[in-house]
Amino acid sequence: MKKIMTKGIEVGIISRNEDDYISLTDIARFKGSETGIIISHWLSTRYTVQLMGVWEQLHNPDFNITEFSNIKNESGSNGFVLSVKTWREKAKGIGIIATAGRYHSGTFAHRDIAFEFASWISPEFKLYLIKDFQRLKNEENERISTGW
């Protein structure tokens with residue numbers, strides 16, 4: 001796992017299928033210690049459901065559009081809660097994952113989705129996160145080009 005430091009918060013990044021997934025759990029620490037509740041609140045908003053649905057349609061050939069429509073219709077209603085597990089099982093989503101383990105546990109999302117989450121947490125935090133992420137990618141590209 002790679003890590004970047006953004007506004008005093010260490011943010012983990014894992015790679016899956018040549019894509020970077022950024023820790024929502026770490027980003028949520030900027031807002032408070034109840035990271036699971038923070039992520040759950042964000043996941044349950046109508047805007048987030050719509051965003052993830054569009055992202056999945058663009059990137060996931062196995063996305064279950066019928067189940068997505070059902071989830072979207074429920075979103076925004078009183079008592080609606082969406083978990084990562086439900087999203088992955090029902091809609092066959094790949095843009096957000098929950099990992100368990102000693103060193104890489106937490107909720108991770110594709111960078112496109114993670115940046116939107118960061119914006120919901122704090123627009124300032126999002127801009128710093130993007131800057132730090134770009135710096136990491138530039139360093140990686142430089143290492144590759146110089147043979148490190």
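# Close-up views of a predicted model

**View 1. Helix H6 and its packing partners.** The buried residues of H6 pack against E3, H1, H2, H3, H7 and strand E5, which spans residues 106-110. The model shown in this and the following views is predicted. The buried residues in H6 are Ile113, Ala114, Phe115, Phe117, Ala118 and Ile121.

**View 2. The largest nonpolar core.** This core has 35 residues, and Leu24, Ile27, Trp87 and Phe117 have the most contacts inside it. Two or more residues each come from strand E2 (9-16), helix H1 (24-28), helix H2 (35-43), helix H3 (46-59), helix H4 (65-74), helix H5 (84-91), helix H6 (111-121) and helix H7 (123-146). H6 gives the largest share of the core, six residues.

**View 3. Aromatic rings around Phe117.** The structure has seven aromatic pairs. In one of them, the ring centres of Trp42 and Phe117 are 5.0 Å apart and the planes meet at 70°, so the pair is edge-to-face. Trp42 belongs to helix H2 and Phe117 to helix H6, and the two are 75 residues apart in the chain. Trp42 and Phe117 are both buried. Together with Trp120, Trp42 and Phe117 form one aromatic cluster. The charged end of Lys31 sits over the ring of Trp120, 5.8 Å from the centre of that ring.

View 4. A pair of aromatic rings is described by the distance of the centres and the angle of the planes. For Phe68 and Trp87 the values are 6.2 Å centre to centre and 90° between the planes, an edge-to-face pair. Phe68 is in helix H4 and Trp87 in helix H5, 19 residues apart. Phe68 is buried, with a relative accessible area of 5%, and Trp87 is buried with a value of 0%. Leaving out residues up to four places away in sequence, Trp87 touches several residues, including Val49, Met52, Phe63, Ile71, Leu82 and Ile96.

View 5. Asp20 lies in strand E3 (residues 19-23) and Lys137 in helix H7, so the bridge ties together parts that are 117 residues apart in sequence. Asp20 is buried, with a relative accessible area of 5%, whereas Lys137 is partly exposed at 23%. Lys137 also forms a salt bridge with Glu140, where the closest N and O atoms are 2.8 Å apart. Both Lys137 and Glu140 lie in helix H7, three residues apart, which is about one turn of the helix. Glu140 is buried, with a relative accessible area of 15%. Through shared partners, salt bridges join Lys2, Asp20, Lys137 and Glu140 into one network.

View 6. The side chains of Glu116 and Lys126 meet in a salt bridge of 3.9 Å, N to O. Glu116 is in helix H6 and Lys126 in helix H7, so the pair ties together parts ten residues apart in sequence. Glu116 is partly exposed, with a relative accessible area of 23%. Lys126, at 19% relative accessibility, counts as buried because the cut-off for buried is under 20%.

**View 7. The surroundings of Thr99.** Thr99 is found in strand E4, residues 96-99. Thr99 is buried, with a relative accessible area of 16%. Apart from neighbours within four places in sequence, Thr99 is in contact with Arg16, His104, Ser105, Gly106 and Phe108.

Conventions
Residues are numbered from 1 along each chain as its sequence is written. This is a predicted model: local features need pLDDT of at least 70, side-chain atom pairs count only at pLDDT 80 or more; totals for chains, interfaces and linings use all residues. Side-chain values use heavy atoms; hydrogens and water are left out. Helices (H or I, at least four residues) and strands (E, at least two) are DSSP runs, numbered from the N terminus. Buried means under 20% relative accessible area, exposed over 50%, partly exposed in between (1.4 Å probe, protein chains only). Contact means heavy atoms within 4.5 Å. A nonpolar core is a set of buried Ala, Val, Leu, Ile, Met, Phe, Trp, Tyr and Cys residues joined through side-chain atoms within 4.5 Å. A salt bridge is a side-chain nitrogen of Lys or Arg within 4 Å of a carboxyl oxygen of Asp or Glu. Rings of Phe, Tyr and Trp (its six-membered ring) pair if their centres lie within 6.5 Å; planes under 30 degrees apart count as stacked, over 60 as edge-to-face and the rest as tilted. A charge sits over a ring if NZ of Lys or CZ of Arg is within 6 Å of the ring centre and within 35 degrees of the ring normal.
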